[in-house]
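Subject: Structure handover

Hello,

Here is the structure I promised to pass on. Please open it first, then read my notes below.

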Amino acid sequence: MPNAHDSKSIDTYKGDAARLLKAMRSDDELAHATAMQRFARLVSLVRPEQMQLKHALAVVAMEAGFPSWTALKQARE
């Protein structure tokens with residue numbers, strides 16, 4: 001369930017997603033492994049090397065308690 005007290009802006013969520021995708025593509029083993037854990041729900045649908053920003057946005061939205069990026073964005077507008 002979305003956190004009603006969460007005051008993050010949509011730009012903050014976008015930045016979080018961009019950092020997540022960068023970590024996923026990183027040569028840093030710890031950063032990559034941590035990102036892979038966060039992407040775990042999507043790995044069965046999309047191969048890691050094919051992950052895009054839209055996938056990171058979906059992960060960030062799910063972690064915030066929303067079913068999709070669109071739902072999170074609509075709730076913030």
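The notes below go from the whole chain to single residues.

**Overall**

Please keep in mind that this is a predicted model. The protein chain has five helices and zero strands. Read from the N terminus, its elements run α-α-α-α-α. The chain has 77 residues, and 30% of them count as buried. It exposes about 5200 Å². Carbon and sulfur atoms supply 53% of that area. Residues 24 or more positions apart account for 49% of them.

**The core**

In soluble globular proteins, nonpolar side chains tend to be buried together. Here, the largest nonpolar core holds 20 residues. Which of them touch the most other members? They are Tyr13, Leu20, Phe39, Met51, Ala56, Trp69 and Leu72. Three helices, α1, α4 and α5 (69-76), each supply at least two residues of this core. The largest share, six residues, comes from α1.

Leu72 is worth a look on screen. Setting aside neighbours within four places in sequence, Leu72 is in contact with Ile10, Tyr13, Ala61, Ala64 and Phe66.

**How α1 meets α4**

The axes of α1 and α4 come within 8 Å. They cross at roughly 120°. Why call the pair oblique? Roughly perpendicular ends at 115 degrees and roughly antiparallel starts over 145, so an angle between those limits counts as oblique. The two helices α1 and α4 are therefore oblique to each other. Their crossing is right-handed.

Both helices bring several residues to the contact:

- From α1: Tyr13, Lys14, Asp16, Ala17, Ala18, Leu20 and Leu21.
- From α4: Leu53, Ala56, Leu57, Val59 and Val60.

**Helix α4 and His55**

Helix α4 covers residues 53-63. Its buried residues are His55, Ala56, Leu57, Val59, Val60 and Ala61.

His55 is buried because its relative accessible area is 13%, under the 20% cut-off. What does His55 touch, leaving aside neighbours within four places in sequence? It is in contact with Phe39, Leu42, Val46 and Gln50. Phe39 is also one of the core residues named above.

After α4 comes Gly65. The phi of Gly65 is positive, near 95°.

**Arg38**

Arg38 is found in helix α2. Is Arg38 buried or partly exposed? Its relative accessibility is 31%, so Arg38 counts as partly exposed. Leaving aside neighbours within four places in sequence, Arg38 is in contact with Leu20, Val59, Val60 and Glu63. Take Leu20 from that list. Arg38 and Leu20 are 18 residues apart in sequence. In space they are 8.5 Å apart, C-alpha to C-alpha.

**Ser26**

Ser26 lies in the loop between α1 (10-24) and α2 (29-38). Ser26 counts as partly exposed because its relative accessibility is 25%. Residues up to four places away in sequence aside, Ser26 touches Ala31 and His32.

**Where to look first**

Start with α1 and α4, whose axes come within 8 Å. End with Arg38 in α2 and Ser26 in the loop between α1 and α2.

Best wishes

Technical notes
Residues numbered from 1 in each chain as written. Predicted model: local features only at pLDDT ≥ 70, side-chain atom pairs only at ≥ 80, totals over all residues. Heavy atoms only, no water. Helix = DSSP H or I, 4+ residues; strand = E, 2+ residues; numbered from the N terminus. Buried < 20%, exposed > 50% of the residue type's maximum accessible area, 1.4 Å probe, protein only. Contact = heavy atoms within 4.5 Å. Core = buried A, V, L, I, M, F, W, Y, C linked by side-chain atoms within 4.5 Å. Areas by Shrake-Rupley, 256 points an atom, 1.4 Å probe, with all protein chains shown as cover. Axes fitted to C-alpha atoms, helices over the stretch in contact; angles between N-to-C directions. Parallel < 35°, antiparallel > 145°, perpendicular 65-115°, else oblique. Left-handed = near helix turned anticlockwise from the far one by under 90°.
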